[in-house]
Amino acid sequence: RRSGGIWRGRVVENKPLMKFQELRLSGKDLKELPAERAAFLALLLNAYNEVNVLMRLQALNGMDTTEPGPIRAFGDSTKLFLARTLSAKLFEVVELLEAKKSWNKTNDEVINDFSKRSLEKFQKVTKQDGYQIARTLRHEIVNHYSLKAATKNIASLEDDADHTNYIHKKGDTSYAQLGEKDVIREKYRRGVLSSKSGDNLTQFRTWVEWTLEARRWLWEVSAEFLVETIPLGPEKWKKDRVYYLDDVFVGDLGDTFAPLFL
């Protein structure tokens with residue numbers, strides 16, 4: 001939205017504005033909790049932040065093109081990277097709740113009871129078609145590089161598949177098609193990411209739909225633990241707080257995109 005108002009002590013006109021409802025928490029609020037409980041809340045909200053950042057980046061990099069060569073390859077690679085990183089992040093939250101690693105174990109009954117309930121809710125999410133795709137990508141590509149899995153993909157590559165490397169004087173604008181095609185796209189082409197049949201685009205959409213559902217699960221359980229842990233009286237809320245921003249900080253969803261090349 002754009003509106004006039006007072007910004008940095010002066011009258012402004014036609015400035016973009018952001019309106020938030022602010023929940024005011026302090027270090028004192030956290031120190032009044034058992035230390036592990038406060039740390040658990042911080043980890044949940046850190047995951048919440050990371051997922052939201054990745055969602056914004058995904059929207060900014062949603063530019064579609066049918067241009068040949070590196071142009072489409074760059075765009076697709078960016079979108080796929082952000083999507084699989086986002087879905088993998090959600091599994092990190094599950095590992096925190098499962099507490100199988102020694103550094104995540106606790107005797108705090110509130111944390112353990114909450115984790116049990118949250119994992120039961122996540123079980124409903126695992127029954128959706130995209131779960132197996134997200135799980136496979138996370139285990140074999142995103143958080144772990146699997147030589148065994150990549151070797152299977154190499155064996156099935158088509159002889160005429162294009163594996164051109166695009167090398168640019170600015171290193172981070174270079175792109176190797178073999179990496180993306182062997183590690184990611186060949187799994188789609190072989191249909192091994194999911195037991196459900198469907199072409200590449202169908203599997204991709206199934207995976208994205210699952211990721212969005214799992215994101216909603218994270219939002220829900222993060223809010224639940226916050227509400228269950230900290231008393232949130234009316235004094236904690238600052239409703240409809242408005243911030244005026246410079247134009248460079250605001251864009252319209254669907255109209256604003258990050259460039260493909262730097």
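Q: In this predicted model, which residues lie nearest the centre of the second largest pocket?
A: The lining of the second largest pocket comprises 13 residues. By class, this lining holds 8 nonpolar, 3 polar and 2 charged residues. Those nearest the centre of the pocket are Arg 56, Leu 60, Gly 251, Asp 252 and Leu 253.

Q: Which element gives the most to the lining of the second largest pocket?
A: The pocket in question has a volume of about 410 Å³. With 4 residues, the element that gives the most to its lining is H2.

Q: How are H2 and H3 oriented to each other, roughly parallel or roughly antiparallel?
A: Helix H2 covers residues 35–60 and helix H3 covers residues 70–98; their axes come within 9 Å and cross at roughly 165°. Angles over 145 degrees count as roughly antiparallel. The relation of H2 to H3 is therefore roughly antiparallel.

Q: How many nonpolar residues does the contact of H2 with H3 have?
A: H2 passes H3 in a left-handed crossing. On the H2 side the contact includes Phe 40, Leu 43, Leu 44 and Val 51, and on the H3 side it includes Leu 82, Leu 86, Leu 90 and Val 93. Besides 2 polar and 3 charged residues, the contact of H2 with H3 has a nonpolar count of 15.

Q: Which residues of H4 make the contact with H3?
A: The crossing in which H3 passes H4 is left-handed. From H3, the contact draws on Val 94, Leu 97 and Glu 98. The residues of this contact divide into 5 nonpolar, 2 polar and 1 charged. Those contributed by H4 are Phe 114, Ser 115, Ser 118, Leu 119 and Phe 122.

Q: How do H3 and H5 lie to each other, roughly parallel or roughly perpendicular?
A: The axes of H3 and helix H5 (residues 130–142) come within 9 Å and cross at roughly 90°. Angles of 65 to 115 degrees count as roughly perpendicular. The arrangement of H3 and H5 is therefore roughly perpendicular.

Q: How many charged residues are in the contact of H3 with H5?
A: Among the contact residues are Arg 84, Glu 92 and Glu 95 of H3, together with Arg 135 and Arg 138 of H5. The contact also has 7 nonpolar and 2 polar residues, and its charged count is 5.

Terms used. Residues numbered from 1 in each chain as written. Predicted model: local features only at pLDDT ≥ 70, side-chain atom pairs only at ≥ 80, totals over all residues. Heavy atoms only, no water. Axes fitted to C-alpha atoms, helices over the stretch in contact; angles between N-to-C directions. Helix = DSSP H or I, 4+ residues; strand = E, 2+ residues; numbered from the N terminus. Parallel < 35°, antiparallel > 145°, perpendicular 65-115°, else oblique. Left-handed = near helix turned anticlockwise from the far one by under 90°. Contact = heavy atoms within 4.5 Å. Nonpolar A, V, L, I, M, F, W, Y, C, P; charged D, E, K, R; others polar. 1 Å grid on protein atoms, 1.4 Å probe; cavity = no way out; pocket = protein on both sides within 12 Å on 5 of 7 lines; lining within 4 Å. Points joined across faces, edges and corners; volume = space filled by probe spheres on them.
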